[in-house]
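Please read it alongside the sequence and coordinates shown below.

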Amino acid sequence: MKSYRKHTAGNHLLIAVFIIFSQFIKAQDKPGGSISGEVRDVVTKQPLAYANIIIDGTSFGTASDSRGYFTIKNVSPGVFQVKASFIGYEQMVKTDVSVSQNRNTTLYFDLQPVLVQTGEVSVKGNYFQKPADNATSFRSLSPQEIRRSPGSGEDIFRVMQSLPGVASAGGKSAQLIVRGGSPEENLTLLDNIEIYNPIHFARTGESMGIISIINPSLLKSVDFMTGGYPAKYGDKMSSVFEMSLIEGNMETNNLDLNANVAGFGTTFDGPVPGNGTAVFSLRRGFFDLLTKLFGRPAAPRYYDAVGKVTYDLDDKNRLSILGFYYLDQISREGSVKGMSGSALSKYDYLTRNDYGTAFGLNWRSLFSRNAYALTTLSLAGNGWNTKQGTETDRALRNEDIYENNYSLKNEITWQIFPGLDFKTGGELKVLDSKHVITRPEDTTRSGQIIPASSVSYLPKSSTKLSLFLQDTYRPVSFLTFSTGLRYDRFSFTGEANFSPRVSLSYSLTEKTFLNASYGIFYQTPALYQIALDPLNRQLKSSRAEHYIAGIEHLFTGDTRASVELYYKNLSNVVVENDTSDILNNNGSGLAKGIEFSLQKKFTGGFVASASYAYSVSRRRDFNGQPLYYFEYDRPHIVNLIFGMELSESWQIGAKFQYAAGSPYTPVAGTIMKKGTYYVVNGEFNSARYPDYHKLDIRVDRKFSFNGWTLSAYLDLWNIYNRQNVLSYSYKVDSSGSLTKNIRTDFGILPILGVTAQF
């Protein structure tokens, strides 16, 4: 554990790897760049030999080889659309493909088979591909869509906050609030490995967090499922967020150096000896330097490192080794303005270290022309240690916590015949954890005494076992039907659950689709919840039942509109107690809503999207009690995004966000107890904060030099300086006078960033 706490090691590692990467830079004789990649069947992952790849609007093109691999060389710098086509498959289009001089851009085409009748050839372009077993609530984003999104600072989680059905906790948090659920109800995967915490300065059970631990330049694709997801995913009841890393390129060595207000980083990708590729990223945050500059008492700093090495063992077997590590540190002496009333503000001295790691191996084997297996062996975990106190005792409150899981996962996909796909698999997890917590006696703002407590929880290792079966059937070209069944067992509680899932998509016309899905989803209690008290070992899984129906229409190949209705029925929800650490499963509730979305991909020099979501999220803590508005309830959410390419060198974009205020418990007055005044709370979550809205504008400029490219951007957040309220806190003085403190989001905030590409 000690190695996690030494940030100087991160600095030395960053410098050393940067020097090593610099040696890989190769001089190029030609000013153009190249595009390379793979074309495969999306179902069986078989390479598609002799597929056609064309750069739209140019004379450049090529065909894939027997491995499905292709290369287009000497492409002039610019932004293009690239199309891949193969007889019997839907044509696929990649938009916003950026080519720079002396660099290689890697693309991955997974083509969708079609039921071709005699004399029929599929020629339509597919800008909005989605898995056949994901009929509803699915969005996929490319790296370029992430990069150019205004108001995000190139952070993937802030980009996702602009999607239908997703709300944010404000500009100071990158956490995702999906359809009225809490952030810890979201499953996050990185190359098939479950990640405990994907955001810096966010702990399990907290809604805060600043920036993703994954450098966006490493992402191949991002798939986001906000409900109704297939049986292969489990143990979370709101959403699935799946990130896939690029696999490096086989053509040349690419090196990026980038810096913005959040930190400095470097990224490398290229070939390695033995028919392999590698990609690495290292970043070091600047937040501690900024806080010192502005004289703030807290000094947060972060480090992260991500790497992946991929080898083709032969034509049928691909092996990839993935690893990441992050470290977050905060130290503070003195109170922080605007934090009055929070847990951290009660103590003037704080040291906090958060760390996490994941290491995994993925083996993909094409053991048949119609089937493949994906086997994943991984270790993932996170932990933290905290000391908080006062001048007389700087260690009044202490935490030393970690949670790790060791996982073996296998998944087999088999295309029985065109139109019928079968998938089965399972996972075995071994869980290891430690929770040591010491807390002094405390008093709530209403005068309730929380007694001092000490937890030392080092349980024996427990296991989670999951199995699933699912199939996707297309009896006719206009109907897709998918069914699935999942089994989960948690050895610690002895609980076993079955989760049926079903979805369908019906094509009214070639451009209009009706979609629906139903499923049951379970989420086991977290280890940190069980650790708080011995009685919590009786906790069972929370349960959510999803009903989803929608319609989508393609106006043109690059423009889509959709409407989706959803209803979630919640039961056995884990509920906390205000004055003790004993939890129970007496909670229940619902979430329902409707989402309207219009999206245009980046074609013709501009991109745009608009969405509106109306939703209700309500909970009750005990049977017989009335429903109340859940803290993550956002009745109205509006997102408007626009981007335009002014020239090959200039791009602009804008984003407007509006969200109705979230619920909070108002203060009704004060009362004296034993000679001390305390706050009297009003009805729970009966008031709302003011509505949240802001406008962000981004300007990009690219400079081309002899052998390298410099990209710079200015991302202006909240340009009209809206004082959005995040929370209220209250103090009562000795005379009973009440003072309200307002914690606001960022005002106008300029985010500057530069990236040098070699």
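Which residue in the turn of the hairpin formed by E34 and E35 has a positive phi? Gly604 does, with a phi of about 65 degrees.

## Basis of the description

This is a predicted model, in which local features need pLDDT of at least 70 and side-chain atom pairs count only at pLDDT 80 or more, while totals for chains, interfaces and linings use all residues. Residues are numbered from 1 along each chain as its sequence is written, and side-chain values use heavy atoms, with hydrogens and water left out.

## Overall composition

The protein chain has 5 helices and 47 strands; helices (H or I, at least four residues) and strands (E, at least two) are DSSP runs, numbered from the N terminus. Of its 758 residues, 53% count as buried, where buried means under 20% relative accessible area, exposed over 50% and partly exposed in between (1.4 Å probe, protein chains only).

A contact requires heavy atoms within 4.5 Å. Among contacts between residues at least 6 apart in sequence, 64% join residues at least 24 apart. The accessible surface comes to about 32100 Å², and 58% of that area belongs to carbon and sulfur atoms; these areas come from the Shrake-Rupley method with a 1.4 Å probe, and for residues only the protein chains shown count as cover.

## The hairpin and its partners

Strand E34 (residues 584-603) and strand E35 (residues 606-620) run antiparallel and are joined by 14 bridges; two strands pair if DSSP finds at least two bridges between them. The hairpin leaves 2 residues between the strands. Within this pairing, Leu598 stands opposite Ala610.

E35 also runs antiparallel to strand E37 (residues 636-645), to which 9 bridges join it, and Ala608 stands opposite Phe642 there. A further antiparallel pairing, over 2 bridges, links E35 with strand E36 (residues 628-629). Here Arg618 has Tyr629 as its bridge partner.

## A three-stranded open sheet

An open sheet with mixed pairing is formed by 3 strands in the order E4-E1-E7. Its edge strands, E4 (69-75) and E7 (104-111), each pair on one side only. From one strand to the next, the twist averages 20 degrees; axes are lines fitted to C-alpha atoms, for helices over the stretch in contact, and angles run from 0 to 180 degrees between N-to-C directions.

Strand E1 (residues 33-41) pairs with E4 in the antiparallel sense over 5 bridges. Gly37 stands opposite Phe70 of E4.

The loop between E7 and strand E8 (125-126) contains Gln112. Gln112 is buried, with a relative accessible area of 13%. Not counting residues up to four places away in sequence, Gln112 touches Val42, Tyr89, Glu90, Gln129, Lys130 and Arg474.

## Nonpolar cores

A nonpolar core is a set of buried Ala, Val, Leu, Ile, Met, Phe, Trp, Tyr and Cys residues joined through side-chain atoms within 4.5 Å. The largest has 34 residues, and Met160 and Phe241 have the most contacts inside it. Helix H3 (156-160), strand E14 (219-225), strand E15 (239-245) and strand E20 (317-333) each supply at least two residues of this core. H3 gives the most, with 4 residues.

With residues up to four places away in sequence not counted, Phe241 touches Ile156, Phe157, Met160, Leu176, Leu187, Thr188, Leu189, Val222, Asp223 and Phe224. A second, separate core of 19 residues includes Leu48, Ala51, Ile53 and Val82.
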